[in-house]
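This report is written for a reader who is meeting the structure for the first time. Please look over the sequence and the model shown below before going on.

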Amino acid sequence: MAATSWSPSSWKSKQAAQAVNYPDQDHLARVLSKIENLPPLVTPSEIERLRHQLSAVQRNEAFLLHAGDCAESFDACTQQNISAKIGLILSFSLILIWGARLPIVRIGRIAGQYAKPRSSGTEKIGDREVLSFRGDNVNGLDPNDRTPDPDRLLSAYFHSTATLNYVRGLLTSGFASLHHPRDWSLSHVRSPALRKEFENIVEGLSDALDFTRTIGVSSGRESANYEKGGGRSVLGEVDFYTRQVFTLSPTGLHNGTCPRLMLNYEQAMTREFDVAGASPSPSSPLSSPASPPPTSTAFYNTSAHFLWVGDRTRQLDGAHVEYFRGIRNPIGIKVGPSLAKEELIQLLDIVNPDKESGRVTLITRYGAGKIEDHLGSHIKAVQQSGHLVIWVCDPMHGNTLTSASGLKTRNFGTIISELTSCLRIHAACGSCLGGVSLEFTGELNDEGFSVTECLGGSMELSEEQLGLRYQSFCDPRLNFEQSLDVAFLISNHFKQ
Ligand code: PEP
Ligand code: MN
């Protein structure tokens, strides 16, 4: 496809899968012009640093952990929830570091993930047919509050700001220090075996760090070096990236004439900057680029570091792909069973014509029963095309089912089955899995209990227990214990 000129609004000439119908267009225009003038949530140099780190992942010198909620809600933007989410991401990465002996690049599904994917434009509540709830940035969960309201976009901006501010604050004030892992890890985990296994890791890493400190090995930038045992406080100041969801409902959903909600917001947050070189720091694969890119300008989406397009919104000639091809941020593409290998390569040619490393992450989500039929041929097609991609396994989205009681759930065993098949197929194709993408939460209820949304795991959560603390208003998430089970599995895989 010949590249035509791009601008932050060129997506408007394309068909957007999923759109939201705002009844008051003037109101929407006022809100968008306000957002255009609000400051960036993330900076170009952070985005460049992530690109650089993802390029280390692509070379198998680091591993990507990409995780969090399916969709966030405004009400869940609390101190406890944010600390619990970051705590789980830190605990998970520590286990991975221990097994894989690789730096971990973390991207949270947090601080901007307010849209909810829906398969239908309306839903039946009681005897009323109302517009579907599309996420807190569109309309309200209350059936009487379903008219899309542009002010919710502003509210999303400010909730993202509050979340990011607190995450940045936590990570720069010692929350992540290995000297206080109990602040963010296992205080509520009831399984003695899981606790013991985790404590052994923390002790082992602490000892290793004490040793390196004693013999005088230290480094300036611990965010880039903690994995090598060089930092003052291990996870003292970790890099942490946010992820923006670019998936709404499947195509074909109702009135295609409406304005494209998410893209309007993303456009308002797209700003032109000099291509930023981050300050050089030569000692780790994750450190900043040694030589900044030549001076030129580029468009950065400043609402999140990493953006991704959903399996149902990645049409070659669609608005999302058009928007994606022009921004400098690293991007993710969900890859499901319906993506033909030729189309995958065409997609890569469009969004990454120069075949730059670190630019594209392919997040595969076939389902445990289908991965065998598709992953190998996708890998081979990409190898033959010469594109450099990061392969990430999302073992969640192809494995969703409805329980007998009507709750949307996922089975731990099936999730593990897709993950282990993925590792095996990559190895067989001479490829390497670069990361995992999970929906998980460290969220606890008032009595300190984890959520009960996925079945199985070492806690053997049963169908009868699903209703106990089912809190997701979108897809079912692994809870703290189930997530650590996954972390140990990956960690053990790398240790062998
Ligand atoms: C998601 O990751 O929440 C999602 C909806 O993904 P997919 O587009 O792969 O279904
Ligand atoms: Mn989801």
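This is a predicted model: local features need pLDDT of at least 70, side-chain atom pairs count only at pLDDT 80 or more; totals for chains, interfaces and linings use all residues.

On the side of H8 the contact is made by Val-321, Phe-324 and Arg-325, while H9 brings Leu-347, Ile-350 and Val-351 to it. Sorted by type, the residues of this contact comprise 5 nonpolar, no polar and 1 charged.

Helix H8 can also be considered by its burial: 7 of its 8 residues are buried, so the helix is largely enclosed by the rest of the structure. The buried residues of H8 are Ala-319, His-320, Val-321, Glu-322, Tyr-323, Phe-324 and Arg-325.

## The nonpolar core

The largest nonpolar core holds 110 residues, and those that touch the most other members are Leu-65, Ile-95, Leu-96, Ile-333 and Leu-362. Helix H3, residues 79-100, gives the most to this core, with 11 residues. In soluble globular proteins, nonpolar side chains tend to be buried together.

Once its neighbours within four places in sequence are left aside, Ile-95 is in contact with Ile-201, Leu-484, Ala-487, Phe-488 and Ser-491.

## The annotated binding site

An unreviewed UniProt entry lists Cys-70, His-397, Glu-439 and Asp-475 under "binding site". Although these residues span 406 residues in sequence, no two of their C-alpha atoms are more than 10.0 Å apart, so they gather at one spot.

His-397 is placed in the loop between strand E11 (390-393) and strand E12 (400-402), and with 23 other C-beta atoms within 10 Å this residue is buried, since 20 or more are needed for that description. Asp-475 lies in the loop between strand E14 (435-439) and helix H12 (480-495); having 19 C-beta neighbours inside 10 Å, Asp-475 counts as partly exposed.

Terms used. Residues are numbered from 1 along each chain as its sequence is written. Chains are lettered from A and ligands numbered from 1 in the order in which they are written. Two residues are in contact if their C-beta atoms, placed from the backbone, lie within 7 Å. Helices (H or I, at least four residues) and strands (E, at least two) are DSSP runs, numbered from the N terminus. Ala, Val, Leu, Ile, Met, Phe, Trp, Tyr, Cys and Pro count as nonpolar, Asp, Glu, Lys and Arg as charged, and the others, Gly among them, as polar. UniProt positions are given in the numbering used here, feature names are shortened, and annotations may be inferred rather than shown by experiment. A residue is buried if 20 or more other C-beta atoms lie within 10 Å of its own, exposed if 12 or fewer, and partly exposed in between; C-beta atoms are placed from the backbone. A nonpolar core is a set of buried Ala, Val, Leu, Ile, Met, Phe, Trp, Tyr and Cys residues joined through C-beta atoms within 7 Å.
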